[in-house]
Amino acid sequence: MAYESFQDWISALDRAGELKRISGPVATELEITELADREMKSPGGGKALLIEQPTVNGQPSPFPVAINTLGSAKRMAMSLGVESVDEAAAELGSLMKAKPPTSFRDAIKLLGQAAELRHARPRRVKDGPCKEQIHRFDSPATRTAPWPAAPDWTRPETFPANSQTLLNLPILKCWPLDGGRFITLPCVVTQDPDSGERNVGMYRVQIYDDRTTGMHWQLQKVAARHGRRYYETGTRMPVAIVLGGDPIFPFAATAPLPDGIDEFLLAGYLRKKSIELVKCETHDLEVPANADFVIEGFIDPAEPLRDEGPFGDHTGYYTLPEPYPVLHITAITHRTKAIYPATVVGLPPMEDFYIGAASVKLFLPMFKMNFPEIIDIALPAEGVFHNLVFVSIKKTYPMQAYKIMHGLWGMGQMMFTKYIVVVDDDVDVHNTSDVLFRLCANTDPGRDTLLTRGPADVLDHATSEIAIGGKLGIDATKKLAGEGFKRAWPPLIKMDPAVKAKVEALLQRSR
Ligand SMILES: Cc1cc2nc3c(=O)[nH]c(=O)nc-3n(C[C@H](O)[C@H](O)[C@H](O)COP(=O)(O)O)c2cc1C
């Protein structure tokens with residue numbers, strides 16, 4: 001199902017009883033976080049919030065803020081237009097079976113090629129609601145005079161009059177020690193300068209002043225690879241930051257697609273309707289016509305990187321400042337009645353847990369395509385995305401658990417996983433207590449662990465050096481003779497089914 005606008009999505013949440021409206025003024029500095037954090041930590045992810053009167057430095061913003069809109073299994077499914085994410089995964093799984101691709105990359109490419117899936121491919125249009133209001137600024141390339149002193153967040157009187165700038169958008173300062181305001185749910189569009197392939201990634205954006213931002217694409221991400229090519233060739237890098245529109249966009253932007261695969265293809269496939277794309281005002285990148293806001297700009301490879309952060313992160317800790325590229329804004333376009341979408345990350349569980357869980361479910365058929373013995377995969381909330389992965393397998397030969405560990409560490413962003421626990425197919429990996437029980441019961445630590453090294457998440461503060469670290473695999477499956485296990489493996493205690501049924505009937509009668 002396709003949502004034609006973010007407003008359409010908010011109305012659907014409202015009709016489904018999934019939205020709480022907050023009508024009084026709420027400060028974008030910390031207060032929205034406190035409200036949203038309480039909601040995100042309530043059972044099942046609470047409700048989505050529409051903050052109708054956000055304030056920026058005490059001044060009302062013209063745009064409401066929507067937050068936690070994807071923060072529950074139900075809302076995540078609604079955003080994909082299905083009853084449950086399993087439905088979308090099953091559909092993708094049967095497509096893979098009907099036209100077996102040879103790799104994950106081919107599987108996604110298939111979406112754009114299959115004739116019956118023509119809707120997956122984006123469509124170009126001339127105009128769209130994201131251009132209802134257009135504010136252009138000097139381009140850094142044409143500017144000869146020095147940049148004017150930036151207006152200051154803390155002094156609203158310095159905001160340019162009658163002009164839309166980053167400073168009067170309701171952008172959150174999420175946590176007390178954050179280095180400023182951050183756009184937290186951006187879909188960042190970049191292009192490979194060699195192949196012309198588009199990428200859409202979710203990378204937070206720090207606001208430095210009214211016209212410049214920090215672009216936090218981490219070392220191993222696709223936009224960082226694009227960026228390196230612009231730095232190598234010394235050409236300006238166009239960037240577009242998309243906010244709002246169909247809720248499928250943020251989901252697609254976080255999906256761990258292989259480099260070179262357009263996230264708008266996945267989005268079009270999932271919403272069953274082509275994404276309409278319109279050219280930006282100040283460069284040639286294309287963005288969804290139905291977005292609420294588009295922030296356009298360029299990165300100048302001659303400009304030194306600038307410290308980004310600190311930022312209260314997914315890890316539950318602050319990420320300390322690190323140098324990242326600076327974006328100079330050349331235009332902001334938006335719907336007249338735009339809604340500003342946001343999220344907050346922090347101590348788990350937060351909204352991103354549900355986004356990540358949906359991604360794992362959706363891509364499970366593709367993991368299974370590579371590793372048919374995989375039954376299920378779970379990324380428990382405590383592991384904050386990929387720190388901890390539980391995987392159940394149908395084990396048929398010795399050392400198969402180790403094959404899975406190596407295989408997963410070699411698959412895209414699974415490279416960041418610190419701990420992989422492999423269990424047998426009778427274990428529910430979504431039941432952390434069950435997995436921990438098997439881990440404790442079925443392992444001899446001296447024998448069943450694999451310690452290795454590899455790339456680490458840039459956000460991981462525990463590694464001695466940034467972006468490299470150790471990895472631990474634990475084989476908690478039943479051991480086979482072929483694995484050197486010479487003893488008898490005892491049966492798991494289970495009650496006789498007939499006795500269970502009899503006692504159940506007895507209890508029913510006495511209720
Ligand atoms: C709420 C949220 C915020 C994120 N922020 C960042 C970020 O600031 N930098 C980053 O590199 N990845 C961030 N990620 C993860 C990326 O969006 C994710 O790895 C994505 O697959 C990257 O796309 P790419 O493979 O096209 O580079 C974030 C994910 C979520 C859900």
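In which strand is Val391 found?

Val391 is found in strand β23. The structure is a predicted model, in which local features need pLDDT of at least 70, side-chain atom pairs count only at pLDDT 80 or more, and totals for chains, interfaces and linings use all residues. Residues are numbered from 1 along each chain as its sequence is written. Helices (H or I, at least four residues) and strands (E, at least two) are DSSP runs, numbered from the N terminus.

**Exercise 1.** Determine whether Val391 is buried or exposed, and list what Val391 touches.

Step 1. A residue is buried if 20 or more other C-beta atoms lie within 10 Å of its own, exposed if 12 or fewer, and partly exposed in between, with C-beta atoms placed from the backbone.

Step 2. Val391 has 26 other C-beta atoms within 10 Å, so Val391 is buried.

Step 3. Contact means that the C-beta atoms of two residues, placed from the backbone, lie within 7 Å. Leaving out residues up to four places away in sequence, Val391 touches Ile374, Ile377, Ile404, Leu408, Ile420, Val422 and Val429.

Step 4. For Val391 and Ile404, 13 residues apart along the chain, the C-alpha separation is 8.6 Å.

**Exercise 2.** Describe strand β23 and its pairing with β22 and β24.

Step 1. Two strands pair if DSSP finds at least two bridges between them. β22 (residues 374–378) pairs with β23 in the antiparallel sense over 4 bridges, and Asp376 stands opposite Ser392 in β23.

Step 2. β23 and β24 (residues 419–424) run parallel and are joined by 6 bridges. Ser392 stands opposite Val423 in β24.

Step 3. From β23 the chain passes through helix α10 (residues 400–409) to β24, a β-α-β crossover that is right-handed. Right-handed means that, with the strands pointing away from the viewer, the path from the first strand over the helix to the second runs clockwise.

**Exercise 3.** Find which residues of α10 are buried, and what covers them.

Step 1. Ala401, Ile404, Met405 and Leu408 are the buried residues of α10.

Step 2. These residues cover an arc of only 100 degrees around the axis, which puts them on the same side of α10. The arc is that of the directions from the helix axis to the C-beta atoms.

Step 3. Their cover includes β22, β23, β24, β25 (449–455) and β26 (468–475).

**Exercise 4.** Explain why one side of β5 and of β14 is left without a neighbour in the sheet.

Step 1. The strand order of this open sheet of 3 strands is β5-β13-β14, with mixed pairing.

Step 2. β5 (123–124) and β14 (286–288) stand at the edges with a single partner strand each, so one side of each has no neighbour in the sheet.

Step 3. β13 (residues 276–279) pairs with β14 in the antiparallel sense over 3 bridges, and Lys279 stands opposite Glu286 in β14.

**Exercise 5.** Characterise the shell around the ligand.

Step 1. The ligand is surrounded by 20 residues, the closest being Gly201, Met202, Gln218, Lys221 and Val222.

Step 2. The shell divides into 10 nonpolar, 7 polar and 3 charged residues. Ala, Val, Leu, Ile, Met, Phe, Trp, Tyr, Cys and Pro count as nonpolar, Asp, Glu, Lys and Arg as charged, and the others, Gly among them, as polar.

Terms used: A residue is near a molecule or strand if its C-beta atom, placed from the backbone, lies within 6 Å of it.
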